[in-house]
Amino acid sequence: MTLFIMSWLSQHTLTLITFLPLAGAVAIAFLRRDAVPAIRRLTLATSLLTLLLAVQAFLDFSLDHPGMQFEENYSWIASPPIHYHVGLDGLSLLLILLTAFLTPLAVLASWESISSRVKEFHLFLLALETGLIGVFVSLDLFLFFIFWESMLIPMYFLIGVWGHERRVYAALKFILYTMAGSALMLVGILYLYSVTSTFDLPVILGALPSKWRSLPGSAEDLLFWAFFLAFAIKVPMFPFHTWLPDAHVEAPTAGSVILAGVLLKMGTYGMLRFCLPLFPHAAREFAPLVSVFAVIGILYGSLVAMVQPDMKKLVAYSSVAHLGFVVLGIFAFNMSGIEGAIYQMCNHGVSTGALFILVGMLYDRRHTRLIKEFGGIASQLPVYSTFFMIVALSSLGLPMLNGFVGEFLIILGTFRARAVIAAVAALGVVLAAVYLLWMYQRVFFGEMTNEKNRSLEDCTAREKIILVALVLVILLMGVYPQPFLRRMDSTVTRVIRQVEPSTLALKLPAGRAGRCR
Amino acid sequence: MTTDLLRILPETILAGFAVLVMVLEPFVPTARKTLLGWLALFGVVAAGGALVQISLPPGLAFGGSVQSDSFSFYFTLLFIVVAALSLLGSFDYLERDNISRGEFYALMLMATVGMCFMAASTDLMMIFIGLEISSLATYVLAGFKRHDARSNESALKYFLLGSFATAFFLYGIAFVYGLTGTSNLLDLGQRLAPPAQAPTLARVALVLMFVGLAFKVSTVPFQVWTPDVYQGAPAPVTALLSTGPKAAAFAVLLRVVLSALGSSSGLAFWLVWVSAALTMCMGNLAALAQSNIKRMLAYSAIAHAGYVLVGIAAAVSGDGMEGSPSVLYYLGAYALMNLGAFLLVAHLAGTGERATEIEDLTGLAYERPGVAACLTVFMLSLAGLPTTAGFFGKFYVFRAAVHAHLVGLTVLAVLNSVVSVYYYLAVVVAMYMREGKTRASTLKVPWPLRVALAASIIGIFYLGLFPNHFLFVTNLRDAALLFTR
């Protein structure tokens, strides 16, 4: 019997990882409202167990296998044919690991700061984790869309109920922006279905190239934009970024961590998973345009971050810049660009998540995030300021820390594809140093001008655990990126072969690379 | 003859119980009128049992005026569910407002009989009679709070505009009969041959009938009565009005536009296309501005009629095999979520329906978390978020539309459904995200209403997660007689 259960579990690893948090949420629903410690512990235990399973999947992941691993495929709805089809490749593996890593930290970060409606908070947090992991593992477009949309509801409540002053506005803006984008994606999905009669991504990928001939010439371009807009809003790319600062500033710390750490990656994930492989010609055609907007995002995000009086808003705008780098890397269509982009997705998740947690810790103590309220607190909070320094340096891409690897690869890749744009984007690296270090200087150095800061207390044991975990990962990813990069090799090769056959396989007849209409 | 009678057994049972309730009414003491309600509910359940038990092969009855097939089976089942849930939701409402009388229950049953005949008939005269039966019953129901000015206003408006609409419909039938010598939709196919050269009068007839039905399903520009009537009528009646008669009128519309009359020209398609576009946009934009939850739901009902019309447009321009089932599914899903929402609003409004502003719901989630959670489910389903029936309904309709190459209309529809998220979430915002003491009724939810709510919530998730189990019912392949082209 045990053997049977073990083998069942090993065959359904992904389903287990995806739905374990939801099971935890259901269990919490049955707990008493005032059993606060039990609720927190159960949430933490569930999310840690999920992390454990994700790490196990990371270790079990085979390096040579080019396709999907841990695949599960069952029929769910017969007509229209919709399958519960999930699988893991190098891209989704890292993202579910990131999700599973950040969720327990988010739970720990809200251990003391969330004191009202604790039950619902943790319920939504766990439901959100299931939604996010589901997005990354779905291989059926319908299933993907279900997860993509349903993850909005817990996030909406997290911002709207536990957020700060303008929470209702921020929550509505967040949900409306995202839904506007995904509405068009739904039409795109339906159109793909009407062309190929399936929602199964691998099948569509196989069938689509032979169908373009029979479709109107603009079909691929329109489909590309229908998908791309949904993802661009999620990333968010300039000029669709305006929901992000509002959502970040108003969300509770845990919400910001998940929002910046994982949610934004749904957009870049979608570009890699759908836009490039499904619509390679359109992707190539519009790559210069997309790159220009990515660079605008980098510069604009950095410059606006520089002048923010609010630390959380500064971090939020820095996300716009960082994600601009990711998009740039993706649309370079070469090995280092895309690998750098995927790596940077994880880096940004860890570093920006850490920055939000750090700002949240300060907010818990002083109930303000304004830079001018602080100054000279380094002597008061030595441990805290050390951690803040490491994380800030990781975020601005100091060598030996994780951010460097990703940004370096992206700029290298972009340079090969579009040298001028790479040169401009490199300015963003300098600007990142400016806004982060300047903020650091104003908050931590100098004389302590505000008397209220004299009574600040340094990190508690719980906070140290969170920060040590984050810094360890930052160092590991900075010093030893190989295990991560190697796991995405075959996936990235596949994506590049799909979008730009010419760079990889020069042996193929030249005609295949051109626009075959 | 026996088969003929068996084919209309559910309707006969409903009508029989309606008469029985009326006969027993004088003998039941005033305090115990709810007993009559339970009797009516028993009648509805019996009709449902009869419907499921009789398994006759699809066919015609009474000289081709009634057709029983999976199409009529589906709609009869839908009306029976709607009637049962509305009855469950009205017992305590009527007691609370001191208007518990036997007529109410009898009229509910008669309205249901009318709707069943609308969906099952293939003869335009028979459809008209069904329309009249259900309309007359619902006019009275809308004005059932005789001492309430808004209820009277509601009944009067509904009556005047409703009669106007049925007159249009009847005028259309007269044209059809004058032109072809038959009022049977199935025979039209032969009489109008060759369909390619349909005379102008056939188009006039089509437009007239479309206008009549457009009033009933409240599509733009014939929707003006809807908010006032929905707001003024007793809330359980509104629950019925916004689902049952609407679905019945859509059933007739589907039959008319798919008959030889509709397929004879592109006119039917463009009528449906244009009114779908207008109805969605107008309904959603107007709903944005509402502060009263009943009015908001009324405009949302208009918007949903627009989505259904998208499905009908797909049915008209395609072969009907994808559009029609999507319309049927949508109407079922919509009925469940809208009924649930209105019944809950009826409860929350308190005695005399005092608290029907969205603001009145402020802070409800902290006093009645269960009730707030239920209302949230209804709102999210109406907004079309995944794992609910509302999502799959929209998905199914949009899929049919894209398949019929109506990409432009689909884009308009999805953008509209994004707009709708805003006003549905306004209710959630009030309940969960604003602080304050709620003015809505915080009384315990009476158990018949609990049953009704539980049934609609289970239905919403069941249809949303396992639409497959349900789609076989809406599989219209054996309803071949419907598609006469």
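## Salt bridges, chain contact and backbone exceptions

Over all chains, the structure holds 19 salt bridges, each a side-chain nitrogen of Lys or Arg within 4 Å of a carboxyl oxygen of Asp or Glu. This is a predicted model: local features need pLDDT of at least 70, side-chain atom pairs count only at pLDDT 80 or more, and totals for chains, interfaces and linings use all residues. Residues are numbered from 1 along each chain as its sequence is written, chains are lettered from A and ligands numbered from 1 in the order in which they are written, and side-chain values use heavy atoms, with hydrogens and water left out.

One of the salt bridges joins A:Arg462 and A:Glu112, at 3.2 Å from N to O. The pair links distant parts of the chain, 350 residues apart. A:Arg462 sits in helix 19 (residues 461–479) of chain A. A:Glu112 is in the loop between helix 4 (90–109) and helix 5 (118–137) of chain A. Helices here are DSSP runs (H or I, at least four residues), numbered from the N terminus.

Across the interface of chain B and chain A, the rule finds zero salt bridges. The two chains bury about 3,200 Å² between them, 80% of it on carbon and sulfur atoms. Buried area is the accessible area (1.4 Å probe) that two parts lose on being put together, summed over both. In chain B, the residues that lose the most area to chain A are B:Phe395, B:Arg399 and B:Met433, together 20% of what that side buries. Each chain gives 34 residues to the contact, which means heavy atoms within 4.5 Å.

Helix 7 (residues 152–162) of chain A meets helix 20 (residues 407–433) of chain B: their axes come within 10 Å and cross at roughly 45°. Axes are lines fitted to C-alpha atoms, for helices over the stretch in contact, and angles run from 0 to 180 degrees between N-to-C directions. That makes helix 7 of chain A oblique to helix 20 of chain B. Angles under 35 degrees count as roughly parallel, over 145 as roughly antiparallel, 65 to 115 as roughly perpendicular and the rest as oblique. Chain A contributes A:Tyr156, A:Phe157, A:Gly160 and A:Val161 to this helix contact. From helix 20 of chain B come B:Leu425, B:Val428, B:Val429, B:Tyr432 and B:Met433.

| Peptide bond | Omega | Loop holding the proline |
|---|---|---|
| A:Phe238 to A:Pro239 | near 0° | between helix 10 (219–234) and helix 11 (243–250) of chain A |
| B:Val220 to B:Pro221 | near 0° | between helix 9 (200–217) and helix 10 (225–232) of chain B |

A:Ser197 has a positive phi, near 60°.

Conventions:
Helices (H or I, at least four residues) and strands (E, at least two) are DSSP runs, numbered from the N terminus.
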